[in-house]
Structure formats: structure tokens, C-alpha cells
Amino acid sequence: MLRFLIRRILGAMAVLFAISVLVFLIFNVVPATNPAARIAGKNATPQLIKNVEEEWGFDKALPEQYWTQMKLIFTGKVESFQSHINVDKRIAEGIPATASLCIGAAIIWLSFGFLFGYLSAVRAGGWLDRGLTVLALVGVSMPVFWLASLLLYYFTYKIEIFPASGYEPLSDPGKWLSHLILPWISLAVLFAGFYSRVLRSSMLDVMNEDYVRTARAKGLSQRRVMTKHVLRNSLIPVITLFGLDFGVLIGGGAIVTETLFNIEGVGLFTAEALQTQDFPSIMTVTLFGAFFIVLFNILVDIAYAYLDPRIRLGTSTA
Amino acid sequence: MSATPESASVSAIVGGGPLLAVDGLRVGFATEDGRVQAVDGVDFQLEPGEVLAIVGESGSGKSVTAQTIIGLTRSPNSHIEGSVRLNGEELTTQSESELQKVRGSQIAMIFQDPMTSMNPVFTVGSQIIEAIRAHDTSTSRKESRARAIELLEAVGIPDAAGRVDAYPHEFSGGMRQRAMIAMGLALEPSVLIADEPTTALDVTIQAQILDLIQDLNKSRGLATILITHDLGVVAEVADRVLVMYGGKVVERGTLEDIFYDPQHPYTWGLLGSLTRIDQPRPHRLPQISGAPPSLLNLPQGCAFRPRCPHEFAKCKEVPGLDARLSGDPNHRDRCWLEPDQKRKLREVEPGRIGLEEPT
């Protein structure tokens with residue numbers, strides 16, 4: 001287990017390094033405009049641009065620029081080109097909002113995904129299954145921005161039961177909740193539909209396994225066969241998906257939801273960074289996001305070993 | 001081995017009918033291509049302490065018969081007719097929850113592939129404990145565990161106390177099948193259905209598992225239905241034999257009947273394809289030419305007709321499962337040939353039975 005962790009952490013660091021180099025190169029090889037010119041503003045004289053270049057270090061060799069940039073990011077001193085705000089601080093401030101949004105939404109989508117997927121599998125081919133299939137397809141087909149707009153229109157404008165936008169800290173739980181319910185729903189619907197389909201098909205596969213027949217031949221009740229023998233063996237595809245999806249979202253991937261509901265989280269900041277093509281911000285949010293994706297992949301691998309004893313961590317020498 | 005007289009006396013002591021009686025069992029499945037009649041009228045009786053072998057190729061309906069006995073083939077797409085009585089009690093009409101009480105506790109079943117028949121994510125012990133507690137919640141977890149170790153010891157697993165917490169993948173194939181048998185025995189059932197229990201095992205392990213089944217049969221009086229396609233296995237342990245083809249029983253009799261006086265050409269073919277060490281090796285391994293019929297489209301008359309070199313006009317009519325030998329009402333078969341003709345045709349070489357074109 002320890003060997004596995006060390007190996008995976010080293011691997012993760014290599015991945016993060018590769019990503020940082022890639023993002024850095026992409027930004028420097030294909031810039032839309034010269035960053036110095038953008039910092040200097042409209043109608044800047046060539047001299048001013050040159051001064052900015054020197055001041056920000058754009059005239060240095062690329063490896064040196066990369067090194068400086070990384071040092072700034074990891075010491076918490078990185079500033080955006082545009083607004084000169086501290087990027088690390090801005091991301092740190094966004095984490096509570098993003099975490100509130102993503103964890104809440106994940107609880108909703110997992111609950112409904114499991115419930116609907118389980119019921120669909122148990123009643124496969126029946127009316128309940130067909131109904132849930134339609135529901136899941138509707139959920140999967142609804143774009144987040146469209147669903148969010150509909151929810152906003154009906155529940156904040158037509159009937160004003162929820163506040164329109166923003167994020168309130170958890171210190172006032174009532175306010176926190178009322179500001180998050182609509183974002184949670186708009187983010188969770190897509191995933192709930194998708195997960196229910198994945199769980200359903202995974203369970204139907206497992207139901208044909210010999211050991212399920214053995215379990216029935218032992219005289220176990222249908223419910224026990226399903227909840228113990230089938231469900232446990234059906235979890236791996238769902239866990240795999242969840243690790244990836246959740247890692248992406250918590251790392252700033254909930255861009256659409258955060259933007260539409262004006263939740264000042266990491267996703268909204270990512271959107272702003274992309275719009276203004278602000279290199280330090282993009283670099284930092286990319287690394288931040290990549291970190292969570294890599295982290296959740298490691299957690300998923302640990303979960304595999306827990307779910308299936310045949311998967312052993314750290315023993316494969318191949 | 002010839003337990004027919006003994007078993008008859010056992011049932012006389014018990015009084016009443018047979019332990020397990022299957023009458024006119026028919027199992028059909030609705031498929032997209034039409035209804036598949038997987039089992040078409042199977043009758044047999046099983047007495048305590050008896051080993052009944054059901055023999056046939058893949059698709060002959062032997063596994064479906066076995067699974068239907070404990071209701072595992074019930075589904076919206078299946079159609080089950082006929083009767084299965086355990087100690088006189090009808091099982092086919094019982095509700096699912098009533099059947100659950102029978103499964104595992106009165107009739108246990110073990111399956112072909114021990115690799116896939118145990119759930120890979122739970123320990124062997126926990127799966128045995130689960131079987132015990134499914135029927136007897138008054139047994140504590142600790143008692144069940146002790147019982148599981150006892151059972152694993154009984155089926156010959158060394159260091160059972162140490163292995164009870166091992167996962168199935170940590171067992172060898174033979175040990176897994178032993179563990180499956182231990183699980184089947186957990187509640188001391190009166191009937192054990194073994195569906196190709198040795199097919200996935202290598203030959204030496206096969207012999208050990210058969211010995212084990214035979215031991216249990218003798219020492220506990222465990223009535224056993226042994227499903228197999230391997231007549232070598234049958235010869236080892238069976239008292240009586242049903243030969244199935246295309247969902248029907250084509251011949252039934254005692255072990256001696258089937259091996260020394262087989263009446264149906266299909267049985268000859270099965271016997272002919274056994275390799276024997278006491279006879280010179282044939283140039284080619286004899287086989288029954290052709291493939292088993294599609295159950296969607298059975299030939300008219302005798303189902304074996306298209307593969308039978310001894311076919312004649314009468315074979316277009318469906319033969320009944322009748323006693324065709326004078327003086328032996330229990331040896332029955334579905335072949336229109338006269339017993340004398342059969343004796344002549346089956347002897348492909350002096351002393352060797354087989355299915356070959358008459359020369």
C-alpha cells in the first residue's frame with residue numbers, strides 16, 4: 001500500500017510537471033497578442049511596451065520565465081497580468097464556494113443515480129425501467145446552461161422562492177442553502193441521469209454472473225442478492241466515473257454553473273481567466289484542476305482495491 | 001454401486017413416496033425467434049441415498065431441468081409445466097419466498113465452474129456463513145463461522161481455520177469446488193444437485209471431487225443428481241442414469257443397463273466416444289457426427305434421426321419412452337428399433353459398442 005502510494009504520488013508529480021510545461025509552451029508559442037502589449041494598454045508607445053517586457057521578464061529565455069512563473073505560483077505570489085490580483089489568494093477564496101457547490105451536487109446526483117439505476121436494473125424491461133430510462137435520457141440531454149436558465153427564470157423571476165445568484169458562506173446555513181439549491185440541481189441532473197444508466201447496465205451484466213445464480217441457489221432473498229452480491233460488484237464503473245467527474249468539478253470545472261449563478265468559485269475565476277487570456281491565472285487554475293484530477297484518480301485506485309480483493313495495490317511488478 | 005435394491009428398501013423404511021419426484025416437466029423459453037422448448041417432458045424419481053446421473057450434450061436440457069427443480073429458471077420469459085415434488089410437496093406452484101426456504105436448506109446445488117460460481121469480492125467463509133444464516137438466523141455469526149470451518153474440514157480443505165477468511169481467488173479450482181460443496185452441505189440438505197461439478201477441473205482433481213461426492217452420498221445418505229456429459233464420470237458414481245437429447249429423456253435405466261445393454265443409438269454414440277484403456281486405441285477418436293438439433297426447429301419424429309445412421313421409415317413418428325425389453329419395466333428408451341436389431345447394430349466390433357454406419 002505504501003509502495004503504491006509513493007509510486008502514484010511520484011507519478012502524479014510527473015503528470016503535473018508535464019501539464020505545466022505544456023500549458024506554458026502553448027501560451028508562449030501561440031499567444032493571441034503580446035502579453036506586454038496587453039499589459040501596457042491601448043495606444044501604448046513601443047517604449048512603454050518594451051519597459052513592460054523588461055519589468056515582467058518577457059524578454060528572458062523561456063526556461064527562466066517558466067521557472068520564475070512556477071516559483072511565484074508555489075510561493076503564493078503569482079499575480080494576474082490584468083488586474084494585478086493575487087491568483088493563489090483568489091483561488092483559495094473560491095474554494096469554499098466551489099466545494100459547497102460540487103459536494104452538494106455530488107450527493108444529489110449519487111443518491112438519484114443509485115436509486116434510479118438500482119430500480120431500473122431490478123425491474124429491467126418493466127414499466128418503471130422504461131419510465132426511468134426516459135427520465136435519465138431527458139436529464140442527460142439537457143444542457144446545463146439551458147436547465148440553469150430555466151430554473152432561474154421560473155424560480156427566481158416568475159415565482160421568487162430562491163435568490164437569483166451569488167454565494168453565501170456557510171456561516172449562515174439558511175442563506176447558504178437557499179443560494180445553492182438551484183445550482184445543485186442544474187449541475188446534478190446531467191450526472192444523475194448518466195450515472196443511473198451506467199449503474200443499470202453494470203448491474204445487468206453482473207446479474208448474469210454465475211455467482212449470482214449461486215447466491216440464489218443458496219436461498220437468499222432477491223433483495224439480498226441484489227443489494228449484496230450484485231450492487232457491490234457493479235460499483236467499479238460508477239466509482240471510476242465519479243473520481244474523474246468530481247475531480248474535474250472540484251478543480252474548477254463547474255464553469256457554466258458557477259458563471260450562470262454568479263458563484264465566485266474556482267470555476268468562475270477560470271472562466272474569467274480564459275476570457276481575458278490572463279496567463280498566470282490560466283496556468284494556476286490548470287495546475288489546480290490537474291491536481292484534483294490526479295488526486296481523485298489515486299483515490300479511485302485505492303477504492304478499487306477495497307471493492308475487489310483481486311486488485312492488489314503495490315504488488316504488481318510487471 | 002448398484003444401489004437400486006438398497007434405495008428401494010430405504011424408501012420403504014421412510015414410507016410414502018420418493019424423496020424427489022419430477023413428472024412431465026416441460027420448460028419453454030420465449031425468445032425473439034420463437035419459443036424454445038428446452039425441456040420437453042422429463043420424469044424421474046430420486047430416492048434417499050441414490051445418485052442419479054443426467055447425461056447429454058450441451059443444449060440437451062439437463063441443466064435447465066436441474067435449475068427448474070429449485071425454481072431458478074422462473075422468469076417472465078419462461079413457461080414451466082409439470083410437477084416437481086419434494087417429500088410429496090409441490091414446488092412448481094410455490095411462491096418465490098417459499099422456494100427460498102427450500103433452496104440451500106433442502107436442495108443444494110453446485111455448479112460447473114468453481115472459478116465463477118463464488119462471488120470474488122467476499123471471503124469463502126463469509127459466503128458459507130451467509131448460506132447458513134439465510135435459513136437460520138438464530139445461529140450467531142460466531143457459531144456459523146465455526147460451522148463453516150467444520151464444513152471446510154469435512155470436504156477436505158487443509159488448514160480450514162486459516163483458509164476460512166481467504167477469498168475465492170486464493171483457492172485452487174479443486175479447492176473452490178470443495179468449498180462450493182461445503183456451502184451446499186451447510187444446512188444438511190437431503191438433495192444435492194451437482195451441475196457438471198467436475199467439467200472445469202483437471203482429471204486428478206475430478207477424481208477427488210467425485211470421491212468426495214460419493215463419500216457424502218454414502219455417509220450422509222445425500223441423494224444426488226449428477227449432471228454431466230461425461231460417461232466416465234457416470235460410471236464412477238451413478239446408480240441410475242437418464243440420457244437426455246433435445247429436451248427429452250431418450251433412455252433411462254440402471255448404470256448396468258446403460259453401460260452393458262444400451263438401447264438408444266445416442267447412448268451408443270456416447271459410449272463409443274469414450275476412450276478406454278483396456279482396448280486398442282482407435283485411429284480416430286469416435287464421435288457422433290453432426291450437431292445437436294436447434295430446439296427452435298426440432299426434426300419431425302425422433303430428434304436424433306438426422307444424426308442416426310440406423311434411421312428407417314418409422315423414425316418419422318415420435319417414439320415414446322417405453323420399456324421395450326421384456327422383463328425390465330425400468331429400462332426404457334425412445335428408439336423404434338427392435339431389441340434384437342439394436343444388439344446387432346450397436347456392436348461395431350466384437351465387444352465394443354458404438355454408433356457407426358452398418359457395414
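The model is predicted, so local features are reported only where pLDDT is at least 70 and side-chain atom pairs count only at pLDDT 80 or more, whereas totals for chains, interfaces and linings use all residues. Residues are numbered from 1 along each chain as its sequence is written, while chains are lettered from A and ligands numbered from 1 in the order in which they are written. Helices (H or I, at least four residues) and strands (E, at least two) are DSSP runs, numbered from the N terminus.

**Where the chains touch**

- The contact between the chains takes 19 residues from chain A and 23 residues from chain B, where two residues are in contact if their C-beta atoms, placed from the backbone, lie within 7 Å.
- On the side of chain A that touches chain B, helix H9 (210-217) and helix H10 (222-253) of chain A each supply at least two residues, and H9(A) gives the most, with seven residues.
- By class, the residues on this side of chain A are six nonpolar, five polar and eight charged; Ala, Val, Leu, Ile, Met, Phe, Trp, Tyr, Cys and Pro count as nonpolar, Asp, Glu, Lys and Arg as charged, and the others, Gly among them, as polar.

**Chain B as a whole**

- Chain B has 12 helices and 13 strands, and its C-alpha atoms fill a box of roughly 65 × 45 × 45 Å, taken along the principal axes.
- The radius of gyration of chain B is 21 Å, which agrees with the value near 21 Å that a compact globule of 359 residues would have; this radius is taken over C-alpha atoms, and the globule rule is 2.2 Å times the number of residues to the power 0.38.
- Of the 359 residues in chain B, 47% are buried, and a residue is called buried if 20 or more other C-beta atoms lie within 10 Å of its own, exposed if 12 or fewer, and partly exposed in between, with C-beta atoms placed from the backbone.
- Among the contacts in chain B with a separation of 6 or more, 65% join residues 24 or more positions apart.

**A sheet in chain B**

- Four strands of chain B form an open sheet in the order E2-E1-E4-E5, with antiparallel pairing, and two strands pair if DSSP finds at least two bridges between them.
- The edge strands are strand E2 (34-46) and strand E5 (89-90) of chain B, each of which pairs on one side only.
- Strand E4 (residues 78-86) of chain B runs antiparallel to E5(B) and is joined to E5(B) by two bridges, and Leu86(B) has Glu89(B), in E5(B), as its bridge partner.
- In the loop between E4 and E5 of chain B lies Asn87(B), which has a positive phi of about 50 degrees although it is not a glycine.
- Asn87(B) counts as partly exposed because it has 14 C-beta neighbours inside 10 Å.

**Helices and a further loop in chain B**

- Helix H11 (residues 265-272) of chain B is mostly covered, with eight of its eight residues buried, including Tyr266(B), Trp268(B) and Leu270(B).
- Helix H4 (residues 124-135) and helix H5 (residues 141-154) of chain B pack at an angle of about 115 degrees, with their axes 9 Å apart; axes are lines fitted to C-alpha atoms, for helices over the stretch in contact, and angles run from 0 to 180 degrees between N-to-C directions.
- The contact of H4(B) with H5(B) has five nonpolar, two polar and four charged residues.
- Glu188(B), in the loop between helix H7 (173-185) and strand E7 (191-195) of chain B, has a positive phi near 50 degrees, and Glu188(B) counts as exposed because it has 10 C-beta neighbours inside 10 Å.

**Helix H12 of chain A**

- In helix H12 (residues 266-276) of chain A, the buried residues include Val266(A), Leu268(A) and Phe269(A), and the buried residues of H12(A) pack against helix H5 (87-122), H10, helix H11 (255-260) and helix H13 (279-307) of chain A.
- H12(A) and H13(A) pack at an angle of about 140 degrees, with their axes 9 Å apart, and their contact has seven nonpolar, two polar and no charged residues.
- Just after H12(A), Gln277(A) takes a positive phi of about 50 degrees.
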